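Keep the sequence and the coordinates open side by side as you read.

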Amino acid sequence: MTTLFVRHDVSDYAAWRKVYDEFRPVQKANGVTAEAVFQASDNPNDVTVIHEFATIEAAQAFGKLEELRAAMRRGGVLGAPTVWFTNKA
């Protein structure tokens with residue numbers, strides 16, 4: 001199992017969350033097996049998202065989706081996200 005972590009700032013968490021929730025069918029269609037959203041305790045607009053995949057290839061392909069980039073823009077993501085992949089040990 002591979003986990004994709006994405007951390008970014010958003011302009012308005014509530015607006016971002018609406019777009020994120022609407023994007024769930026695209027997540028499932030592209031190999032996301034589980035997901036979770038976290039907010040920094042001192043800044044609700046500092047968001048970390050995790051998505052789990054069966055393989056690193058599926059995770060990398062998801063990260064390259066133009067649909068994902070467009071959703072991030074619509075959701076008000078500020079700047080470039082910090083992205084990293086991990087494998088469950």
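Start at R7, whose side chain makes a polar contact of 2.4 Å with the side chain of D46. A polar contact here is a pair of N or O atoms within 3.5 Å; within protein, one must be able to donate a hydrogen and the other to accept it, and residues adjacent in sequence count only if both atoms are side-chain atoms. Before going further, please note that this is a predicted model, in which local features need pLDDT of at least 70 and side-chain atom pairs count only at pLDDT 80 or more, while totals for chains, interfaces and linings use all residues. Residues are numbered from 1 along each chain as its sequence is written, and side-chain values use heavy atoms, with hydrogens and water left out.

R7 sits in strand β1, which covers residues 2-10. Strands (E, at least two residues) and helices (H or I, at least four) are DSSP runs, numbered from the N terminus. What else does R7 contact, once its neighbours within four places in sequence are left aside? Its partners are D46, V47, T48, P81, T82 and W84, where contact means heavy atoms within 4.5 Å. Take V47 from that group: R7 and V47 are 40 residues apart in sequence, yet their C-alpha atoms are 5.6 Å apart in space. With a relative accessible area of 41%, R7 is partly exposed; that class falls between buried (under 20%) and exposed (over 50%), using a 1.4 Å probe and protein chains only.

Now move along to H8, also in strand β1. Is H8 buried or exposed? Its relative accessibility is 6%, so H8 counts as buried. Not counting residues up to four places away in sequence, H8 touches W16, N45, D46, V47, M72, V77 and P81.

Let's step back to the whole chain. It holds four helices and four strands, and reading along the sequence gives the pattern β-α-α-β-β-α-α-β. The radius of gyration is 12 Å, close to the 12 Å that the globule rule gives for 89 residues, so the chain is as compact as a globular protein of that length. That radius is taken over C-alpha atoms, and the rule is 2.2 Å times the number of residues to the power 0.38. Along its principal axes, the C-alpha trace spans about 30 × 25 × 20 Å. Among contacts with a separation of 6 or more, 70% are between residues 24 or more positions apart. Of the 89 residues, 34% count as buried.

Beyond its neighbours within four places in sequence, Q27 is in contact with Y20, V32, E35, H51 and F62. R24 is found in helix α2 too, but is partly exposed, at 27% relative accessible area. Which residues does R24 touch, not counting those up to four places away in sequence? They are R17 and E35, and a polar contact of 3.2 Å joins the side chains of R24 and E35. E35 is therefore a contact partner of Q27 as well, because Q27 reaches E35 within the 4.5 Å limit.

Two exposed positions round out the tour. D42 lies in the loop between β2 (34-40) and β3 (43-53), and at 70% relative accessibility D42 counts as exposed. The C-alpha atoms of D42 and G76, 34 residues apart along the chain, are separated by 19 Å. R73, in helix α4 (residues 66-74), is exposed as well, with a relative accessible area of 55%. R73 and V10 are 63 residues apart along the chain, with 9.7 Å between their C-alpha atoms.
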